[in-house]
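Here's a quick tour for anyone meeting this structure for the first time. Have a look at the sequence and the model, then read on.

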Amino acid sequence: MVDLKYGKGKIRVSIPAKAAVSILEPQHAPVLASVPAALDSALSAPLGGPSLEAIIAARRPQSVAIAVPDETRPAPLRELLPRLLSRIEAGLPGPLADHVTLFIGGGLHPPADAEAVERILPAGIAGGCRVVAHDARTAVMRDYGATSRGTPVRINAEYANSDFKVVIGQVDPHQFVGFTGGAKGVVIGCAAPETIEKNHSLMSQPNAHVGQLKGNPVREDLTEAGEMAGIDLAVNFVLDADKNVVHLSAGTPSRVLESCAEICAKVYGVAIEDKFDIVVASCGGYPKDICLYQAQKGLNLASQALKTGGHILLLAASQQGVGDDIYFDYVSQFTSPEEVIRDFKSSGFRMGAHKAYLFGRTLVNYDVAVFSDLDPGILRKCQLRAADPASIINEWVASFEGTPRVAVIPNANTTYFYNSAGSKR
């Protein structure tokens, strides 16, 4: 028996005694004793630049913009924001509310509604500051030109035109960005659709892999775009599997990303000698499995521990449904993942449709089943099979000749794998 995160709770999964079971978990890391104290230390000696107070004294900003994640990405804002705002306010010519705007950077996700804003930025931690839920499709954008890879850098104009620009975000393994964090909360979170689409279109290029920063075209493009946009300060953190902060850095986005990615790789990079016959993967619970669109990341990473042709069960509550209408409308047109892949390659990169392509790359190589709150008919339209965990695992184990090797992955959206004879990239 093993208890796995599912939505905001857990479910118990039983695996027959015939199987040889390995649990592939993130590594333990010491939890920070005090997040506000760690933030104070990081702001006093930022990586790659002077202290927060020194920057503000030199700039004398009239307007400050702070980008934070939407609710698909956990962030300890209740611990971070009050202290950050307090130190910023000390250098402002007037009250916080007159000078600071908080931006919820959801990229192409639907902009946060009033209830979501209250969950992300309760009034008690927002310091009375104005809150803007970025809407990629309607916001006025500022144009910074194009990166060396041709990505048009167009950022929410109100954020971009502020005198002092801050981004707060988590550094997590990402299936083709390498690691989240750095400038991503602005270059993707507060960007125009064409910026996001062009950057993500690099995902099929060599070296666009989980766990890789150097030489990763998607990541390097993001970093270049962030430098063009002039982000002044990044506050990034690494969370353990229970959402506790184990590392925090502040400074220039690229230096902060490098610092956090080093720790993140030690926590979430797991060495395996051989791949497995069966994988049982939980995305890691809420908000990692908030919708099917987000859960795809767990399926992709977990499949990397599986033999070609092997079986994988994904546990993803998906309380907010499929999560993206463009993805659902696109994938519903086809009867097989092979058709999706052919069409996507022939018709060119499109955001939303790219998620069907990413699902398809896994579905053509592995036998996939999904346990979620979604209607089985909706899953079928997404070319996914609904299954009861006990029944499907028993079926797979019983049909295996000999002893099947089963991997249980409790945090599939963030755990990635490398051969123990190789490196973490």
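Is Asp-3 buried, partly exposed or exposed? With a relative accessible area of 40%, Asp-3 is partly exposed, because buried means under 20% relative accessible area, exposed means over 50%, and partly exposed is what lies in between (1.4 Å probe, protein chains only).

A word on the ground rules. This is a predicted model, where local features need pLDDT of at least 70 and side-chain atom pairs count only at pLDDT 80 or more, while totals for chains, interfaces and linings use all residues. Residues are numbered from 1 along each chain as its sequence is written, and side-chain values use heavy atoms, with hydrogens and water left out.

Helices (H or I, at least four residues) and strands (E, at least two) are DSSP runs, numbered from the N terminus.

**The mixed sheet**

- Six strands line up as S6-S5-S4-S9-S12-S13 in an open sheet with mixed pairing; two strands pair if DSSP finds at least two bridges between them.
- Strand S6 (130-133) and strand S13 (245-251) are at the edges with a single partner strand each, so one side of each has no neighbour in the sheet.
- On average, neighbouring strands of this sheet are turned by 15 degrees against each other, direction ignored (axes are lines fitted to C-alpha atoms, for helices over the stretch in contact, and angles run from 0 to 180 degrees between N-to-C directions).
- Inside this sheet, strand S4 (residues 64-69) and strand S9 (residues 164-170) pair in the parallel sense over four bridges, and Ala-67 has Val-167 in S9 as its bridge partner.
- Gln-62 counts as partly exposed, at 47% relative accessibility.
- Gln-62 and Asp-163 are 101 residues apart along the chain, yet their C-alpha atoms are separated by 6.5 Å.

**The parallel sheet**

- Another open sheet of six strands runs in the order S3-S19-S15-S16-S17-S18, and its pairing is parallel.
- Strand S3 (20-23) and strand S18 (385-386) are its edge strands, each pairing on one side only.
- Strand S15 (residues 276-282) is mostly covered, with seven of its seven residues buried.
- S15 pairs with strand S16 (residues 306-315) in the parallel sense over six bridges.
- Opposite Ile-278 you'll find His-311 in S16, and opposite Val-280 there's Leu-313 in S16.
- In a regular strand, side chains alternate between the two faces of the sheet.

**Helix H10**

- Helix H10 (residues 217-229) has 13 residues and reaches 18 Å from its first C-alpha to its last, close to the 18 Å expected at 1.5 Å a residue (the expected span is 1.5 Å times one less than the number of residues).
- Its buried residues include Pro-217, Val-218, Leu-222 and Ala-229.
- At the start of H10, a side-chain oxygen of Asn-216 comes to within 3.0 Å of the backbone nitrogen of Val-218.
- After H10 comes Gly-230, with a positive phi near 70 degrees.

**Pocket and cavity**

- The largest pocket holds about 730 Å³ of space.
- On a 1 Å grid over the protein atoms alone, a pocket is an open set of points with protein on both sides within 12 Å along at least five of seven lines, a cavity is a set of points where a 1.4 Å probe fits but cannot get out, and lining residues have an atom within 4 Å of a point.
- Grid points are joined across faces, edges and corners, and a volume is the space filled by probe spheres set on the points.
- The largest pocket is lined by 46 residues, and Arg-73, His-109, Lys-184, Ile-188 and Lys-297 lie nearest its centre.
- H9 gives the largest share of that lining, five residues.
- A search of the whole structure turns up one cavity of 30 Å³ or more, and the largest cavity has a volume of about 120 Å³.
- The largest cavity has 13 lining residues, with Asp-240, Ala-241, Lys-243, Tyr-268 and Lys-288 nearest its centre.

- Lys-243 isn't a glycine, although its phi is positive at about 70 degrees.
- Lys-243 sits in the loop between strand S12 (233-239) and S13, and counts as partly exposed at 39% relative accessibility.
- Ser-318 isn't a glycine either, and has a positive phi of about 55 degrees.
- Ser-318 is buried, with a relative accessible area of 3%.
- Tyr-286 and Pro-287 are joined by a cis peptide bond, with omega about 0 degrees.

Notes. Polar contact = N/O pair within 3.5 Å; in protein donor to acceptor, adjacent residues only side chain to side chain.
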